[in-house]
Amino acid sequence: MNISSIKELNDLRRKIQAKRDPDKPCITVCGGPGCLAKQCLDVRDEFISEIAAKSLKDKVDIRTTGCHGYCDRGPIALIYPRGIFYQRLTTKDVKEIVEETILNGRTVDRLIYTDTETGKTIENEEEIPFYKRQMQLVLKDNRRIDPHSIEDYIAIGGYSALAKVLGRMKPQEVLDEVKRSGLRGRGGGGFPTGVKWESTHNAPGEDKYVICNADEGDPGAFMDRSILEGNPHSVLEGMIIGAYAIGSHEGYVYVRNEYPLAVKNITIAIQQAQELGILGDNILGSGFGFDVRINRGGGAFVCGESTALMASLEGKPGEPRAKYIHTSEKGLWDKPSNLNNVETWANVPLIINNGSSWFSSIGTESSKGTKVFSLVGKINNTGLVEVPMGITLREIIYDIGGGIPGGRAFKAVQTGGPSGGCIPESLLDLPVDYERLTEVGSMMGSGGMIVMDEGTCMVDIARYYINFLQEESCGKCVPCREGLFRLGEILTDITKGRGKLEDIQLIEDLSGMMKDASLCGLGTTAPNPVMSTLNYFRDEYIAHIRDGKCPAGVCRELITFSIDEDNCTGCGVCLKNCPSGAITGEKKQVHVIDAQKCTKCGICYDSCKFDAIKKE
Amino acid sequence: MSEKSIQRGEMVTFTLNGAQVKADPGWSLLEAIRFYGLDIPTLCYDEGLTPYGGCRLCVVELGSGKKAKLVASCVHPVREGLDVRTHSNRVLKTRKMILELLIARCSSSKKLQDMAALLELREVRFRPLNDDCILCGLCVRMCEEQMVAKAIGFAGRGKDRYITTPFDMTSEECRKCGACMYICPVCELRCQGPNAETTLCSGCINTEPVCTSEFDDAMCFMVPCLSCVKKPEDVK
Amino acid sequence: MKRKEKTTIDISGVDPIIDKYNTQQGSLISILQDIQEEYRYLPREALEHTARRLGIPRTQVFGVATFFKALSLKPRGRQLVHVCMGTACHVRGSQNVLEEVERRLAVKAGDTTPDGEYTLETVNCVGACALGPVVVMNEEYHGQMGPLKVEKILKKKRD
């Protein structure tokens with residue numbers, strides 16, 4: 001079917017809604033990245049066959065959605081209409097759920113969330129502390145829709161923002177509204193979105209491009225993936241609105257090739273939008289035409305940088321160029337181009353529907369709205385969280401994140417990926433805000449938030465990020481290419497006990513030069529992880545260099561493994577698993593590690609059940 | 001600088017090391033700076049080729065205070081009202097460090113040593129390597145823009161970036177004109193002739209290489225076959 | 001130096017791919033990815049043909065083919081083993097997992113085993129951070145990996 005006016009869209013929406021019974025039982029299975037990795041599709045398939053077996057196919061809906069956020073508890077299923085939250089499901093639980101909950105209206109208590117503080121079970125998703133303390137605006141609809149269904153999207157009000165824009169607003173009014181909202185780029189740059197749109201609108205030239213940056217390369221970040229997979233139409237709607245405001249008729253979505261499901265879901269969404277007439281010529285009878293193409297990345301982190309992304313869209317290697325002339329003036333094919341991150345685009349329909357005053361009432365003075373973070377690492381409640389700007393890091397990590405597993409001590413939280421920095425315990429009450437994070441030597445970044453505990457070596461973390469960037473640097477400019485190479489050499493030396501005290505000055509000199517003279521953001525921000533760890537954890541660097549010790553017990557050359565005679569039972573498990581044959585001992589006798597043969601792989605440490613392996 | 005001033009052909013006024021100067025709006029900062037007789041070291045820049053902005057030796061400081069920043073003058077256009085300083089402390093420190101890194105990479109290059117002497121760089125604090133290419137890309141641009149052959153280009157990325165013919169094989173497009181050797185700042189590191197530091201012998205392009213009819217990957221100056229110094233029978 | 005070889009690769013599969021993308025220069029990377037999916041690597045002849053048809057210099061095609069990690073000029077193994085080296089996985093010990101895989105397959109990350117069976121690569125974050133460390137074997141995700149679990153998943157070969 002094809003609609004060619006706003007009225008037809010509204011009629012279609014009413015028609016779809018009329019067919020749906022809000023009280024009809026529905027099993028919603030979360031199909032986000034975390035749950036997929038835990039085989040949630042097997043659970044979903046089991047639900048399908050069990051529902052069919054009980055002849056309930058017409059009476060119960062089964063919907064597979066995008067990410068709900070609580071990855072730690074996956075696979076997750078929500079049973080509507082009551083909205084019961086079932087967690088950590090396996091295929092073995094399905095029969096019981098269908099029998100107890102679907103057929104008899106009873107909850108299966110062992111699968112319900114239990115609050116660790118009160119000991120009480122919480123049936124409803126919204127009451128669970130992890131969700132209650134969030135403010136889900138962008139992620140909210142993930143649980144309500146099947147990403148492969150444009151009808152689901154329309155039923156919950158999707159494309160009404162587009163209708164409002166095309167029916168009642170002129171391009172300049174849209175630009176003004178987005179500027180007033182205070183929306184800033186969610187990819188990390190934090191540039192005011194409305195201002196960028198306006199520069200592209202004002203740039204001379206007929207042909208203009210609108211681009212969605214879905215190259216999410218920061219390791220540990222999967223926000224964009226979840227938005228694109230879970231609610232692709234929200235991103236499309238934002239892009240069409242942006243294209244209208246800017247005066248562009250051609251758009252691109254550049255998706256990382258490591259995200260095949262995101263590519264699949266946005267492809268389906270675009271096809272469905274084209275078939276319906278939401279993309280193409282004369283959208284909703286407005287006279288405005290716009291269409292979108294998908295390009296996949298080729299495995300290059302640097303292509304997350306706007307000029308490198310555009311080079312790759314031109315069929316060239318992803319080499320950035322200096323932005324002395326902005327891409328809003330000369331971008332893709334030297335034409336005015338507006339590039340925004342996935343999350344930025346997804347915020348646009350919300351702003352249009354609810355108004356710029358509503359949006360700017362959330363957040364801080366300079367940072368408006370919400371931000372989606374991927375909360376990962378040494379944290380109990382791993383997953384995606386969406387919070388208002390201005391919330392403190394402490395609230396995110398402890399109130400929402402549930403603190404550090406095993407009762408271990410918090411050490412640092414890394415934000416902003418390889419361009420960001422580590423933030424220590426003393427700064428946990430920092431409100432999350434573009435400027436505040438930059439002030440302390442980190443940055444907002446795309447939203448990766450990696451929590452670290454006492455078992456993390458900060459020098460090793462610096463070395464990790466530098467090695468990562470070395471692999472990803474395009475190699476064009478000397479500061480980045482040679483600077484990263486030499487920083488890598490120095491940090492590797494330090495982690496192997498070959499560091500010298502002069503190395504610290506050398507690190508600082510290299511960092512300063514890279515910040516000043518690198519050609520693009522990859523190089524200018526590359527020193528951030530090193531400088532922030534040097535700043536806040538200098539004593540760890542000194543311990544490695546001066547004392548030849550790794551306080552966190554991570555750097556192999558600086559730690560020794562030995563067997564505690566008091567705890568060793570002689571079970572032989574460590575001997576069996578040792579890949580270097582470094583352990584000797586008779587059955588039921590205390591075993592011994594030969595330090596010469598030991599490669600410090602840590603397998604014995606992981607396999608001993610008697611706490612008999614010491615690491616120091 | 002507005003579109004209108006370009007159309008009217010109006011000159012642009014900016015501050016250069018404290019002095020008010022005028023420049024053609026189509027110029028880069030480097031062109032304007034050199035026009036006024038000031039010199040800035042460069043490696044990847046050549047007047048006859050498209051500016052590249054890769055070596056970053058030509059950086060200058062724009063503005064002052066917290067918002068001051070360094071930009072590559074060879075690719076930054078002149079603009080009305082800029083405050084440009086070509087030899088600030090920040091700039092000099094940066095240039096020295098860049099050269100230090102390049103010398104650590106190509107430690108036997110005379111040209112780099114000479115430039116270092118001019119910048120008073122006395123110490124290289126990194127482990128020296130003996131590479132023979134600084135990846136300035138002059139040869140690539142020379143081959144593409146002046147000789148219109150496009151026989152060589154960049155491959156790989158990051159520290160594995162290098163310059164080569166497609167598929168590291170004998171190039172059909174290469175006409176053995178020698179322009180790449182002519183323009184290369186560190187070509188003496190590759191020459192096998194007796195006076196490499198001062199004169200490239202060009203033996204490699206003046207001799208008819210014996211092996212190209214038989215081997216896939218003879219690339220003349222890129223990977224010297226040494227036909228200029230060896231007898232044909234000795235080439236394996 | 002190698003002696004010239006006469007090679008014959010059937011590149012008839014390349015034209016339909018180029019046609020699918022309307023011989024657009026901007027689609028070069030997508031074209032190369034599709035060629036790689038068909039041939040399991042990028043044969044030189046296929047790349048040269050692509051350069052001719054798209055009207056771009058061979059240096060550009062070679063530059064692109066060697067710039068992007070997803071593209072390979074050498075044949076890849078039948079089993080693809082990807083160890084995630086994202087920060088969240090790193091903090092949970094992915095380095096140890098990688099070393100165990102390298103040890104068991106007797107191959108370094110980035111290479112293929114001599115029998116052409118396994119290709120081992122590192123990837124920077126697959127978005128399953130809740131389950132770190134993660135190993136993806138033939139598009140199947142294995143979470144909460146440790147060196148002790150490596151042997152078991154390597155046995156899960158596909159035909």
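A residue counts as in contact with another when their C-beta atoms, placed from the backbone, lie within 7 Å. Everything here comes from a predicted model, in which local features need pLDDT of at least 70 and side-chain atom pairs count only at pLDDT 80 or more, while totals for chains, interfaces and linings use all residues. Residues are numbered from 1 along each chain as its sequence is written, and chains are lettered from A and ligands numbered from 1 in the order in which they are written.

**View 1. Helix H9 of chain A and what covers it.** Helices (H or I, at least four residues) and strands (E, at least two) are DSSP runs, numbered from the N terminus. A residue is called buried if 20 or more other C-beta atoms lie within 10 Å of its own, exposed at 12 or fewer, and partly exposed in between, with C-beta atoms placed from the backbone. Seven of the 10 residues of H9(A) (residues 193–202) are buried, so the helix is largely enclosed by the rest of the structure. Look for A:Thr193, A:Gly194, A:Lys196, A:Trp197, A:Glu198, A:Thr200 and A:His201. The cover over these buried residues includes helices H8 (171–181), H11 (232–246) and H14 (342–354), plus strand E10 (337–341), of chain A.

**View 2. A right-handed β-α-β unit in chain A.** Strands E8 (residues 250–255) and E9 (residues 291–296) of chain A run parallel and are joined by six bridges; two strands pair if DSSP finds at least two bridges between them. Right-handed here means that, with the strands pointing away from the viewer, the path from the first strand over the helix to the second runs clockwise.

**View 3. A:Ile241 in the largest nonpolar core.** A nonpolar core is a set of buried Ala, Val, Leu, Ile, Met, Phe, Trp, Tyr and Cys residues joined through C-beta atoms within 7 Å. The largest one has 272 residues, and A:Ile241 and C:Val134 touch the most other members. Leaving aside neighbours within four places in sequence, A:Ile241 is in contact with A:Ala161, A:Leu162, A:Val165, A:Val174, A:Val348, A:Pro349 and A:Ile352. A second, separate core of 15 residues includes A:Leu575, A:Ile593, A:Cys601 and A:Ile603.

**View 4. Where chain C touches chain A.** Chain C brings 39 residues to this contact and chain A brings 47. On the chain C side, helices H2 (28–39), H4 (58–67), H5 (87–91) and H6 (94–105) are the elements that give two or more residues. That side divides into 21 nonpolar, 15 polar and three charged residues. For these classes, Ala, Val, Leu, Ile, Met, Phe, Trp, Tyr, Cys and Pro count as nonpolar, Asp, Glu, Lys and Arg as charged, and the others, Gly among them, as polar.

**View 5. Chain C on its own.** Chain C has seven helices and four strands, running α-α-α-α-β-α-α-β-β-β-α from the N terminus on. Domain 1 covers 14–67 and domain 2 covers 79–154, with bounds from an automatic or database domain assignment. Taken over C-alpha atoms, the centres of these two domains of chain C are 29 Å apart. Of the 159 residues of chain C, 45% count as buried.

Notes. Contact = placed C-beta atoms within 7 Å.
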